[in-house]
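Q: I am new to this structure and would like a guided look at it. Could we go through it together?

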Amino acid sequence: MNTPVGRFAPSPTGLLHLGNAWSFLLAWLAARAEGGRILLRHEDIDPARSRREWMDAIERDLLWLGLGWDEGPEQGPHAPYRQSLCFPLYEKALEKLKARGLVYPCYCTRKELRTLAGAPHGAADGLGDAGAAYPGTCRHLTPEQRARKEAEGRRPALRLLCPDDDEECFTDLVLGPQRLSLKSCGGDFALRRSDGVWAYQLAVVADDMRMEVTQVVRGEDILLSTPRQLLLYRLLGGTPPAFAHIPLLYDEEGERLAKRHRSLSLAALREAGCRPEAVVGHLAHLAGLQQTPSPVTPAALAERIGGPFPWHVLPKERIVIPGGVERLWKS
């Protein structure tokens, strides 16, 4: 049996926080426990938000935790490992979809989409990080209607024409059997934004295919993206990886850990004198991988597991990180 190939795929738009460490630790262990490989890919696809210094900080934080990688920006057979350098590859994938008549221009603005969805600015639309549901407004525009839109100065996004009756079935390593329709996950989704920025769905599938990734560990908030990506794998002739959608970390007020939680960024924890083994031990305890939050290195954990990762021990509900917990990790 082939050993797994996992990946870290951070967006360099800020410092890594404890929630990122949780996800990356489990991805690393799931591959390493079976003698597999890990690659690092910087998803700097949005030039307005990505910065080189964040990439350097991400690499520094991962190494501080003990989460090394086998392939990445400095070495490996699947370069480039930065999405900003892969645009010709995404264009090639887009052309394959266009050749099958599956791509169409969409002239809807974000404001119009919010109005169509009945959601106020900034409100959730029920799809989490999968994006807004699309009602198919521009799906059947005539060439004349498209020309009028462009004469008005509208720049189109490009969307994938999804089968109306498509259902994607897969078994999640954490959540078990899943059966989701493309319609319930938002319908026709963007492949490239109106400003020319490539959409997450197309970029991540194209990259995971060429990098031969076989195992993807990520937060449960991305679950509704999975049917979209499975469809793209099928259309582009790729073999999808196994997916593991893990519970998220929250603060005491019920907010999901994010880059705004600066006190729980890995850089802040390191500067406060926290020990990486203590952080890893606490996360391993939350995951059910050890009975106490005793300090441990990722390598020691992987050796202790020594085989298929025990996905069944992971909690199924959200995990709350108590305030001031970093005090427990200082040397």
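Q: Let us start with Glu 212. Is Glu 212 buried, partly exposed or exposed?
A: Glu 212 is partly exposed, with a relative accessible area of 49%. Buried means under 20% relative accessible area, exposed over 50%, and partly exposed in between (1.4 Å probe, protein chains only).

Q: What should I know about the model itself?
A: This is a predicted model, in which local features need pLDDT of at least 70 and side-chain atom pairs count only at pLDDT 80 or more, while totals for chains, interfaces and linings use all residues. Residues are numbered from 1 along each chain as its sequence is written, and side-chain values use heavy atoms, with hydrogens and water left out.

Q: Where is Glu 212 placed, and what is its phi?
A: Glu 212 is in the loop between H6 and strand S8 (215-219). Its phi is positive, near 60 degrees, in a residue other than glycine. Helices (H or I, at least four residues) and strands (E, at least two) are DSSP runs, numbered from the N terminus.

Q: Then which peptide bond is cis?
A: The bond from Ala 79 to Pro 80 is cis, with omega near 5 degrees. Pro 80 is located in the loop between H2 and H3.

Q: On to H3 and H6. How do their axes cross?
A: The axes of helix H3 (residues 87-99) and helix H6 (residues 200-210) come within 10 Å and cross at roughly 105 degrees. Axes are lines fitted to C-alpha atoms, for helices over the stretch in contact, and angles run from 0 to 180 degrees between N-to-C directions. H3 and H6 are therefore roughly perpendicular to each other, a description that covers 65 to 115 degrees.

Q: Which residues meet there?
A: Leu 89, Tyr 90, Ala 93, Leu 94 and Leu 97 of H3 meet Leu 202, Ala 203, Ala 206, Asp 207 and Arg 210 of H6. Contact means heavy atoms within 4.5 Å. The residues of this contact divide into eight nonpolar, no polar and two charged. Here Ala, Val, Leu, Ile, Met, Phe, Trp, Tyr, Cys and Pro count as nonpolar, Asp, Glu, Lys and Arg as charged, and the others, Gly among them, as polar.

Q: And the largest nonpolar core: which residues touch the most other members?
A: Leu 18, Leu 26, Leu 62 and Trp 311 do, in a core of 48 residues. H1 gives the most to this core, with eleven residues. A nonpolar core is a set of buried Ala, Val, Leu, Ile, Met, Phe, Trp, Tyr and Cys residues joined through side-chain atoms within 4.5 Å.

Q: What does Leu 26 touch?
A: Not counting residues up to four places away in sequence, Leu 26 touches Val 217, Ile 246, Ala 287, Leu 289, Phe 309 and Leu 314.

Q: What about Ser 23: where does it lie?
A: Ser 23 lies in helix H1 (residues 18-32) and is buried, with a relative accessible area of 13%.

Q: Changing topic, how many disulfides are found?
A: The search of the whole structure finds zero disulfides, a disulfide being a pair of cysteine sulfur atoms within 2.5 Å. For Cys 108, the nearest cysteine sulfur, that of Cys 138, is 3.7 Å away.

Definitions and conventions: Parallel < 35°, antiparallel > 145°, perpendicular 65-115°, else oblique.
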